[in-house]
Amino acid sequence: MTHAASDFSNALVALLPRMRRFAMALTGTAADCDDLVQDAIERALTKRAQWRPGTRLDSWVFRIMQNAWIDTTRSRRVRAAVSLEDEGMDAPGVDGRAAMEAHLTLARAKSALAALPPDNRAVVALVLIEGFSYREAAEILGVPEGTVTSRLFRARTALDAALAGPPHLAVASARKEAR
Amino acid sequence: MTMTDERLMAYADNELSDDEMREISALAQADPAIAAKIAHFRAQRAALGDAFAPILQEPTPLHFVAAIRAGARRSSQGGWIRTGAIGMAMAASFAAGFVIAPPSTPSVLVADANGLVAQGVLRDALNTQASGAAVNGVAIAMTTPAKAGGVCRAFLADLGDQSIEAVACAESANEPSSPWRVTAMATRAATDSDSAYRTAAGAVSPAILAALDAQRDGDPFGADQELAWIKARQAR
């Protein structure tokens, strides 16, 4: 193996934990997350010659992942299904905002992200979870920086609505009225 | 310019120019409502970051590491490899925790009271050889730390009459006299051996990766880490 090939594969292996986190934010399920990482690894290895040493590998790989996920959702016509896992159904009736800030479970965060339009979800994952700047996220997604800002703002407003109230608050208050 | 919530979000994310940052800092000090909005954007970012942080702490799945290493070798050699086939009976027995000895125990593996121990060229390879290409019929696929200062290596070996893939572990990673005990092993189809030895990481079967996964205590060594460990083991 050449040095360049070894450096590339070591850097890619080191990136795996963040690839899995990004994939989990995009896909919302463990099975889709692993499929996306596997798909992205294959694409990254195939396109290796296109990566320019000295530029950020993470941006390059995340762009591949975002494109791979778009391809997958298109081919599968996956609807942005919100799976409210049991873990996400905790803390009924408490002040939602306080609960969110104190302890947001992964399951609930995934549910809230899954309810976002895919473009907005990618911006949230890149900026709020992966820590890219607006400009870096814009480059990864191939959109203007202003688009990132407006998508992020819309997404954060929607996340507030999703996370501020417990998911079955509406059900609880409906029950109350029925009594 | 009006103070839109979008600008407050950009402020909370440290995305504005120095001048704008100073301007909004002053406004936030004067207006608790603005300060609260900024604090909320920051809390939202922190909550999301915390929620997803545990994924970074999970052990890296070995099959991803194997796929990357195999792919990098494949592309630098310009050829495709086949993954070796492993008998289903053997794969099933690993799940149950058994170790199966090959029909004829070769001289590189010697049985003692506790199982099989690597000898000769196999022991030397496990002690000194980096992951990658085969030397003397042994190709190391991957090295991982193991519990209590141990180390485990997945490898392929050509034993003459047959090929095996296996996991061997040493209780003391940096002590060269610490024996390599085989903790999982399977025979391989002989036709796979040529290509498999060039690309060990990708050629190891899922059953062997699973056996390694069960014994490791941490992520597999990168190339530099592995070289440093080999040096440390030899320095004794």
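The model is predicted, so local features need pLDDT of at least 70 and side-chain atom pairs count only at pLDDT 80 or more, whereas totals for chains, interfaces and linings use all residues. Residues are numbered from 1 along each chain as its sequence is written, chains are lettered from A and ligands numbered from 1 in the order in which they are written, and side-chain values use heavy atoms, without hydrogens and water.

Over all chains, 20 salt bridges are present, each a side-chain nitrogen of Lys or Arg within 4 Å of a carboxyl oxygen of Asp or Glu. One of them joins Arg43(A) to Asp71(A), at 3.1 Å from N to O. Asp71(A) lies in helix 3 (residues 57-76) of chain A and Arg43(A) in helix 2 (residues 30-46), 28 residues apart; helices are DSSP runs (H or I) of at least four residues, numbered from the N terminus. Asp71(A), at 36% relative accessibility, counts as partly exposed.

A salt bridge also links Asp13(B) and Arg156(A), with the closest N and O atoms 2.9 Å apart. Asp13(B) is in the loop between helix 1 (5-12) and helix 2 (18-30) of chain B, and Arg156(A) is in helix 8 (residues 145-164) of chain A, so this pair joins two chains. Both Asp13(B) and Arg156(A) are buried.

In chain B, the buried residues of helix 3 include Ile34(B), Phe41(B) and Leu48(B).

Key. Buried means under 20% relative accessible area, exposed over 50%, partly exposed in between (1.4 Å probe, protein chains only).
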